[in-house]
Amino acid sequence: MEQRKCEAGRVKRRWVCLVIAVLLWSVASAQIRYSISEEVMEGTAVGNVAKDLGLDKSTLKDRKYRIVSSAADPLFHVNQNDGILYVSRKMDREEICERSSTCLLNLKTVLENPLEIHYIGVEVLDINDHSPSFPEIQKTLEISESVVSGKSFQLQAARDPDNGPFSVQHYKLNQNDHFRLEVKDKGEDGKIPILIVKKTLDREAAESHSLVLTAVDGGKPPKSGEMNILVNVLDINDNAPVFSEDVYSVMLNENAPVGTTVTQVNASDLDDGPNGEVVYSFSNSVNRRLFKLFEINQSTGEIIVKGPIDYEHKDKYEIEIQASDKGLAHLTTEKNVVIKIVDVNDNAPEIEVTSFSSSIPEDSRPGTTVALISVNDLDSGLNGKVIFSIDDDVPFTLSPSSQDKMYSLVTKSPLDREEHSEYIITVVAKDAGQPSLSSEKTVSIVVSDVNDNSPEFLLSPYNFYVTEGNDPGASVFSVKAFDRDETDNALISYHILRDGRERIKLGSFVNINSESGDILALKSFDFETLKTFQFRVVATDSGTPSLSSNVTVNVFILDQNDNAPVILYPVSSNGSAEGVEDIPRNVNAGHLVTKVRAYDADIGYNGWLLFSLQEVTDHSLFGLDRYTGRIRTLRSFTETDEAEHKLVILVKDNGNVSLSATATVIVKVVEPKEAFAAADVKSATNDEEDNNVTFYLMITVGSVSTLFVISIIVLIAMQCSKSTDYTSKYLQETNYDGTLCHSIQYRSGDKRYMLVGPRMSVGSTIVPGSHANTLMLPDRRQISGEP
């Protein structure tokens, strides 16, 4: 304030001295002087020159009163009519009187005729029409942050074209914490502003400061001008790099591809320039092996995968990262980066099987341990959690063990080697990862045999057919049993089961080979003596203890054609097959002359008899029924026909090698009266003979029929009990008169058995449900091995 008061006093004294000097100069020079402010309008009157100089207004025009000026555009002009001095154009004092404290213009006026020169002084008064201004609107200062308090920086002074009190009177600085302003007065050079540092600078706190320097003049109201000062704080390397995070912890999947960015560390340095440029590197404490797995970008701080990452090898890495600036004496900061490896399901479970033995007995109880199965999965968490499974259709299951990841393979149901002798079990281990991985391992379990199966015969019962007349000592048929066990448990021996009742009988019939089951006939069979018999065969295995089973063997003796037909009628008194028949001459065609009766001890085709006329006197007179043996007339007798006729009848069976017999019938043609008398005599004789013949025939036929019926009943019962395929009915011939029985005959050419009877051709056949006379039966000769 005192300084400002001193400056104001000096200004006032200068103005006083100036006024005194002007007054003295005016008096001395006797010159007219006017004053006018700058910036007045054009045409403004300055003063009445004619009046002040005492000139006659009326002569001004004639005498050409004017202002003499060399300027092309003068500032003033005199009006010749009234002698008043006017402003010709707008005036700018700072333009007219640059850098002058007093702006006084001397005007030369001239009158002609007579010549008269007058000088006029016009002072242009200053007004506050300019604001202070700085040479630069924006000023930039660079000050090191190491500068000490009190350091001064001289600034350029502001300039104001106005003069005196309207010039720059003082400066001011905006409010701030680091700088203050001092003003130094240099007289004519004006007032110089000086910037003083009042507080230590810190570029890291503020790298620049914006200041506003204001210059104010003395006008009322005052005018001012501003200059923006930007103070850039120059850096010194006084800050070490600082990482953006306190802890760096990142998760990285194992098997991450080379080039994968693990993370990016970021450190900042508050310094500037090279002092603030940060480079990254691994610190010297990092194990050199990590250099094969990771690398770091020196500029960006990115940690990049360089080699294979395996969780199973190492699940966590700690890497110390170093951040350094580029200052001359660089500063360094270290930070640990923790890389946690995330397990990826890249390892399939590994299965290990420990078997207790190479086989397990089939009588093992459920729950018997067969093998131990362990698994190892190098992954962790769900990726290492393993679930076991095996096939559902096997009699085994997995039982968890007390130890982790170990299971027992145990039986869950009874075993049967005969059903399944070996199991190939696929053990599947599957982890719970996403996606899951699995592995398989096959376990071979052999089921060892125990003697738990009795021998089983292929058939039950066995039915064998043996043709009579076989060779004694030869194998006639064979039985066969099998045992589902193995080795000695399946080794079978055979024997015939004999009791007290059968020993004598069967001992003379058959024997059996204990190893092969072949049955030998010890004698030649005779169908007419023995048609069927039965015995039991026992099969025993060699196990411990041994098991056995037995089967019934039914033997049927098949007939051969070994008996020739026997003529039952006619029979003469001496036993020859001859007879005489008397018939009346007057009989009609179709008259029954007689009937030839014959018997064959064989059965079937071998006992099926056919009759034929081997020799006859007149073929047109007599006819023979080939099936019944009836002889009938074919026509009536004439007078020319002979009285006696000889008929030779051939009776033969239907065996493969046919056997036959002949009978002779003498037919005598007599008159009716003689015929009646002869018939009476013959009737008595025939009654006696017929009674004897009938008696013997009934005994023979009854015996054969009884044996045959028994054989058929036994055969049908066995076939019905075994299979309906073998069931059949014996068919009855409605036209059969009882001469022959139906019988079963084996046809070697067709390899089959057939039911045959009267009025059947040799080649006829029958299937169940037909109305013919042949019944199809299975050929068991193949089973017995017959050709």
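**Labels and their grounds**

Reply: This is a predicted model. Its protein chain has 6 helices and 51 strands. Of the 787 residues, 41% count as buried.

Me: What makes Cys-97 and Cys-103 a disulfide?

Reply: Their sulfur atoms lie 1.8 Å apart. The cut-off is a pair of cysteine sulfur atoms within 2.5 Å, so the pair Cys-97 and Cys-103 qualifies as a disulfide. A search of the whole structure finds 1 disulfide.

Me: Why is the disulfide of Cys-97 and Cys-103 called right-handed?

Reply: Because the torsion about its S-S bond is about 60 degrees.

Me: Are Cys-97 and Cys-103 buried or exposed?

Reply: Cys-97 is buried, and Cys-103 is too. That label means under 20% relative accessible area.

Me: Which residues touch the most other members of the largest nonpolar core?

Reply: They are Val-479, Phe-535, Val-537 and Val-553, in a core of 30 residues. Among the elements that each supply at least two residues of this core are β39 (532-541), β40 (548-558) and α5 (672-722). Another core, of 27 residues, lies apart from it, and includes Tyr-248 and Leu-290.

Me: What does Val-553 touch, not counting residues up to four places away in sequence?

Reply: Its partners include Tyr-462, Phe-464, Phe-477, Val-479 and Phe-535. Each counts as a contact because heavy atoms lie within 4.5 Å.

Me: How many contacts in the protein chain join residues at least 24 apart, among those between residues at least 6 apart in sequence?

Reply: The share is 65%.

Note on methods. Residues numbered from 1 in each chain as written. Predicted model: local features only at pLDDT ≥ 70, side-chain atom pairs only at ≥ 80, totals over all residues. Heavy atoms only, no water. Buried < 20%, exposed > 50% of the residue type's maximum accessible area, 1.4 Å probe, protein only. Core = buried A, V, L, I, M, F, W, Y, C linked by side-chain atoms within 4.5 Å. Helix = DSSP H or I, 4+ residues; strand = E, 2+ residues; numbered from the N terminus.
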